[in-house]
There are 2 protein chains.
Amino acid sequence: MNEQLLLENIRGVLIRLEDTIIFSLLERAQFRQNAVVYARGAMQGIPAGDSLMGYVLHETEKVHARIRRYTSPDEAPFYDDLPEPVLPPLNYSDCPIHPNQVNLTSGLREVYEERIVPHICDEGDDGQYGSSCVCDCACLQDMARRIHTGKFVAESKLRADPDRFLPLVRGRNVQGLMTAITDTTVEARVLQRVFRKAGAYVSDLAGESLRPKLSPERVADVFSRWLIPMTKHVEVQYLLERGDGLE
Amino acid sequence: MNEQLLLENIRGVLIRLEDTIIFSLLERAQFRQNAVVYARGAMQGIPAGDSLMGYVLHETEKVHARIRRYTSPDEAPFYDDLPEPVLPPLNYSDCPIHPNQVNLTSGLREVYEERIVPHICDEGDDGQYGSSCVCDCACLQDMARRIHTGKFVAESKLRADPDRFLPLVRGRNVQGLMTAITDTTVEARVLQRVFRKAGAYVSDLAGESLRPKLSPERVADVFSRWLIPMTKHVEVQYLLERGDGLE
């Protein structure tokens with residue numbers, strides 16, 4: 001795949017994922033924070049050491065692992081003890097990124113539980129634990145895909161300007177790489193677009209006098225404070241791990 | 001709960017579910033029909049007698065059953081061999097509907113696989129089986145909730161006009177009940193709203209030059225041809241099963 005096509009492809013995937021994430025956040029925000037679902041050991045009947053949300057996420061990942069979700073190079077699971085796929089493997093030999101182990105899901109889960117949920121949901125407990133957890137899994141899985149798509153973004157940036165990137169990779173210059181991958185114009189455009197789309201969805205709901213609990217500002221905050229920085233973190237980690245090969 | 005409150009609540013739930021369903025359909029329509037995922041026994045590695053999609057749906061329902069999803073009176077599972085909840089039961093004594101066994105999921109699944117998927121997805125096979133199936137599960141679960149919310153709609157209609165409904169229930173007058181629950185003005189309003197919302201979502205995607213494969217007309221068709229009639233079918237079945245009690 002040539003670089004221009006790669007970049008356009010990734011751009012399409014990221015824009016599409018914005019909608020998915022915005023919608024998942026709006027769904028989760030129907031329910032209160034329900035902090036107990038994130039507390040390890042707090043819920044009777046759940047395996048010791050995990051929370052109710054973790055249990056649902058773990059079980060969901062087991063199902064998805066069996067249909068080979070995590071063999072896809074843009075996926076990264078939250079759990080590392082998943083079963084083997086029951087389906088035959090797909091051929092990813094056309095995949096433009098290098099093999100790598102970059103997986104920032106544990107940080108994402110922590111940020112989600114401790115920062116994002118309190119930012120998007122009303123305080124308190126409404127007893128809707130199962131529904132909250134199902135929404136949480138969707139949010140986390142969508143966000144994980146978004147940030148790990150950073151691997152493709154990084155690869156395309158490196159290929160577009162190897163003279164700039166390869167010395168930084170060779171020197172393991174984290175700060176230099178962060179500066180090189182940062183495009184503040186693109187970031188501002190993402191935030192404007194997210195704000196606009198979230199506003200359109202919310203006003204559609206509000207127009208029917210339903211509780212529009214989640215403001216477009218807060219949706220955009222999720223991207224500016226957490227998702228964009230974590231995506232960039234994936235980009236830098238990926239570049240450091242892939243090394244300076246250019247085939 | 002008084003009748004007016006009940007009706008307003010249900011209306012809010014249904015409008016909210018419209019958005020969820022529209023979004024699930026748009027997500028599924030990213031992929032081709034991939035008919036092989038619905039063919040029983042076609043996929044190596046999947047338990048004999050079920051399709052890949054059925055496998056994913058079944059396994060997902062097992063996870064959700066353990067967190068008591070199907071103890072909720074607005075839920076109806078597609079499979080009847082699900083495990084018991086690991087969480088303690090919730091108290092649904094305030095639930096306004098009567099205990100009942102109405103479950104139209106097998107008809108919904110058939111209609112979805114044979115009519116709805118071909119209506120919303122491009123023909124052919126893109127190999128994205130796992131992603132298609134995950135989207136299918138979301139579509140089916142969201143649609144199942146929508147049609148079974150008909151139980152609440154029917155209960156509120158009966159309570160609002162018992163003099164009209166109770167003789168029809170006593171006489172098991174299916175045609176009379178169908179006429180009594182039908183409100184063509186409300187149906188037209190639902191379709192207009194779905195059309196408008198689907199148009200807004202699709203144009204948001206199209207504005208970014210992404211493939212807007214699914215037209216607002218086709219989304220509205222899903223409601224007019226299948227979801228609204230199935231919801232009304234649930235309403236009538238529920239009324240026949242609940243009987244003529246008025247507590």
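Guide: Start with helix 9 of chain A: 19 of its 27 residues are buried, so the rest of the structure largely encloses it. Keep in mind that this is a predicted model.

Visitor: How far does helix 9 of chain A reach from its first C-alpha to its last?

Guide: It reaches 37 Å. That is close to the 39 Å expected at 1.5 Å a residue.

Visitor: Where does helix 9 of chain A bend?

Guide: At A:Leu227, by about 35°. A proline, A:Pro229, follows within four residues.

Visitor: And what follows helix 9 of chain A?

Guide: A:Gly243 does, with a positive phi near 80°.

Visitor: Let's pick a residue. Is A:Ser224 buried or partly exposed?

Guide: A:Ser224 lies in helix 9 of chain A. Its relative accessible area is 32%, so it counts as partly exposed; buried would need under 20%.

Visitor: What does A:Ser224 touch?

Guide: Leaving out residues up to four places away in sequence, A:Ser224 touches A:Leu191 and A:Pro229.

Visitor: How far apart are A:Ser224 and A:Glu241 in space?

Guide: 25 Å, C-alpha to C-alpha. In sequence they are 17 residues apart.

Visitor: Switching to helix 6 of chain A. Which residues are buried there?

Guide: A:Phe165, A:Leu166, A:Leu168 and A:Val169. They cover an arc of only 165° around the axis, so they sit on the same side of helix 6 of chain A.

Visitor: What is exposed on the other side of helix 6 of chain A?

Guide: A:Asp163 and A:Arg170 are exposed there.

Visitor: What covers the buried residues of helix 6 of chain A?

Guide: The cover includes helix 5, helix 7 (174-181) and helix 9 (216-242) of chain A.

Visitor: Take helix 5 of chain A, then. How do the axes of helix 5 and helix 6 of chain A cross?

Guide: At roughly 115°, and the axes come within 6 Å. From helix 5 of chain A, A:Lys157, A:Leu158, A:Arg159 and A:Ala160 meet A:Pro162, A:Phe165, A:Leu166 and A:Val169 of helix 6. By class, that contact has six nonpolar, no polar and two charged residues.

Visitor: Over to chain B. Is B:Glu18 buried or exposed?

Guide: B:Glu18 has a relative accessible area of 1%, so it is buried. B:Glu18 lies in helix 1 (residues 3-28) of chain B.

Visitor: Which residues does B:Glu18 touch?

Guide: Not counting residues up to four places away in sequence, B:Glu18 touches B:Val190, B:Arg193, B:Val194, B:Lys197 and B:Phe223.

Notes: Residues are numbered from 1 along each chain as its sequence is written. Chains are lettered from A and ligands numbered from 1 in the order in which they are written. This is a predicted model: local features need pLDDT of at least 70, side-chain atom pairs count only at pLDDT 80 or more; totals for chains, interfaces and linings use all residues. Side-chain values use heavy atoms; hydrogens and water are left out. Helices (H or I, at least four residues) and strands (E, at least two) are DSSP runs, numbered from the N terminus. Buried means under 20% relative accessible area, exposed over 50%, partly exposed in between (1.4 Å probe, protein chains only). Contact means heavy atoms within 4.5 Å. Axes are lines fitted to C-alpha atoms, for helices over the stretch in contact, and angles run from 0 to 180 degrees between N-to-C directions. Ala, Val, Leu, Ile, Met, Phe, Trp, Tyr, Cys and Pro count as nonpolar, Asp, Glu, Lys and Arg as charged, and the others, Gly among them, as polar. The arc is that of the directions from the helix axis to the C-beta atoms. The expected span of a helix is 1.5 Å times one less than its number of residues. The bend at a residue is the angle between axes fitted to the seven residues ending there and the seven starting there.
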